[in-house]
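Here is a short briefing to read alongside the model on your screen.

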Amino acid sequence: MRKIIDFNNVYIADCATTVGKDESEGPLAGSFDNTEPDPYFGKQSFEKAEAEMNLRTLNTLLGKCRSDGSGVDAVIGGDLLNQCTATSFAVKHLGIPFLGLYGACTTIAEAILIGSGMISAGAFDSCIAMASSHFCSAERQYRFPLEYGNQRTPTSQNTVTGCGAFMLTNAEAAIKVDSALVGIISDNGIKDQNNMGAAMATAAVNTIERYFEQSALLPCDFDLIATGDLGKEGKELAEELFRRKRLDLFGRFTDCGTLIYDIERQDMHSGGSGCGCLATVLGGYLFRRLKSGSLRRIMLIGTGALMNPNSILQGESIPSVAHLITLSAV
Amino acid sequence: MNKKEYVRFAEKKAKRSPCFKNCLLAFLIGGIICVIGQGFGDLYSYLGVPDEYSPALASVTLIFLAGLFTGIGWFDKLAKVAGAGTLVPITGFSNAVASPAIDAKSEGFINGVGARMFIIAGPVIVYGTLASIIYGVIYYLVTI
């Protein structure tokens, strides 16, 4: 479906976030539910640590919603690990039906989109949308061993250690999921996996442009238009592309990868990335602002680079996709 | 904008690595590592190690120290500043073997540590050995 999907009666009852040390020392410190300074989360490996992080987040969410999980129709979510084990290994403890997703760093937008669709269609009464990433497990999977001594390029991004989970429901709550738009894969020829912002910028711009072509709403109707993890480089490229297309976003445009860290002080090069980036910034910072009324309506664009280590070695360029969701305070 | 134009546009916009600063730090820290290596060589000679063995012993010491620093998490912090200064001397090779070994211990000693230890250094070993064989054959033919 190429049209904007308008949802009926889909709300976010509550959300929960867990982050690691760097995120808890960044500018958004204090907006997250759980922080854990130990990258192992008390476990023996980083993969187990990510599963533990996800389980803690789910338990926090169920606690906030006063639910034992029996009323939840499904958990929809994923992460960056092979076969999405961090999420499935966490959900296996809860006995809730599970749909695993791989959407690279769009995962939380994709999960909210699918979950909202199911609720809107009446198939579910409530479900949990979640996504996570862990710096150490992502480094192991995509890059070098952690103790390997190398220098990163200024365009590289830091994978966020964090998990965000959202309880979607058809019972009226403070935040409403209004609409969504599924992204089209864009391959702009970028092959440098240390410049994923450049690879993803065109997909984000394309999805936002398609939204405003179809919607009666204007960019100024949104208090914030935030992409997931383009980073500093990708955000600047996207802004330049908007200028060239003469699409004025009225200064509403930002990127969660540039919000989660103090890039200079924490030496984060181009900013944050990973499924956890949008999930924790939305679940922590933006959710609070929506609840407090300082934001009324926002647009979020999950941005994902769809490569794997072998495709990079085989010289393929990095295709990317961007899914859009809009939320508003009721 | 077509793909080529976009790649060029993105490359032009991309922030560059501070090349001069990186070179200077690599030169200084790499130089200091080499001075330390020479210091060990001289120390071993002073302690009575025959001259043909003391350089090898100095290399072994640097390999050990780089492995140790990798294990206690100092090496990557130093390498972040030093770049090629820690990569080019034998310390870089030691780190390239030690770091995946540490990383893979969660997958066990056989399929983890044993199998993945040479994932970065492997190509250096393969092509280094191959180059030395070719060099040996040429040397043999020239001096025959």
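The lining of the largest cavity is made up of 10 nonpolar, three polar and two charged residues. Please keep in mind that this is a predicted model.

**The cavity**

- The count comes to one cavity of 30 Å³ or more.
- The volume of the largest cavity is about 140 Å³.
- Its lining has 15 residues, and those closest to the centre are Leu80(A), Cys105(A), Tyr142(A), Met196(A) and Met307(A).
- Helices H5 and H6 (196-214) of chain A each contribute at least two lining residues.

**Helix H2 of chain A**

- Helix H2 covers residues 46-64, and at 1.5 Å a residue its 19 residues should span 27 Å; the end C-alpha atoms are 27 Å apart, so the two agree.
- Buried residues of H2(A) include Phe46(A), Ala49(A), Met53(A), Leu58(A) and Leu62(A).
- Among the elements covering the buried residues of H2(A) are strand E2 (11-19), helix H3 (85-91) and helix H5 (135-142) of chain A.
- After H2(A) comes Arg66(A), with a positive phi near 50°.

**A charged residue in the helix**

- Beyond its neighbours within four places in sequence, Glu52(A) is in contact with Phe41(A) and Lys43(A).

Methods: Residues are numbered from 1 along each chain as its sequence is written. Chains are lettered from A and ligands numbered from 1 in the order in which they are written. This is a predicted model: local features need pLDDT of at least 70, side-chain atom pairs count only at pLDDT 80 or more; totals for chains, interfaces and linings use all residues. Side-chain values use heavy atoms; hydrogens and water are left out. Helices (H or I, at least four residues) and strands (E, at least two) are DSSP runs, numbered from the N terminus. The expected span of a helix is 1.5 Å times one less than its number of residues. Buried means under 20% relative accessible area, exposed over 50%, partly exposed in between (1.4 Å probe, protein chains only). Contact means heavy atoms within 4.5 Å. On a 1 Å grid over the protein atoms alone, a cavity is a set of points where a 1.4 Å probe fits but cannot get out, and a pocket is an open set with protein on both sides within 12 Å along at least five of seven lines; lining residues have an atom within 4 Å of a point. Grid points are joined across faces, edges and corners, and a volume is the space filled by probe spheres set on the points. Ala, Val, Leu, Ile, Met, Phe, Trp, Tyr, Cys and Pro count as nonpolar, Asp, Glu, Lys and Arg as charged, and the others, Gly among them, as polar.
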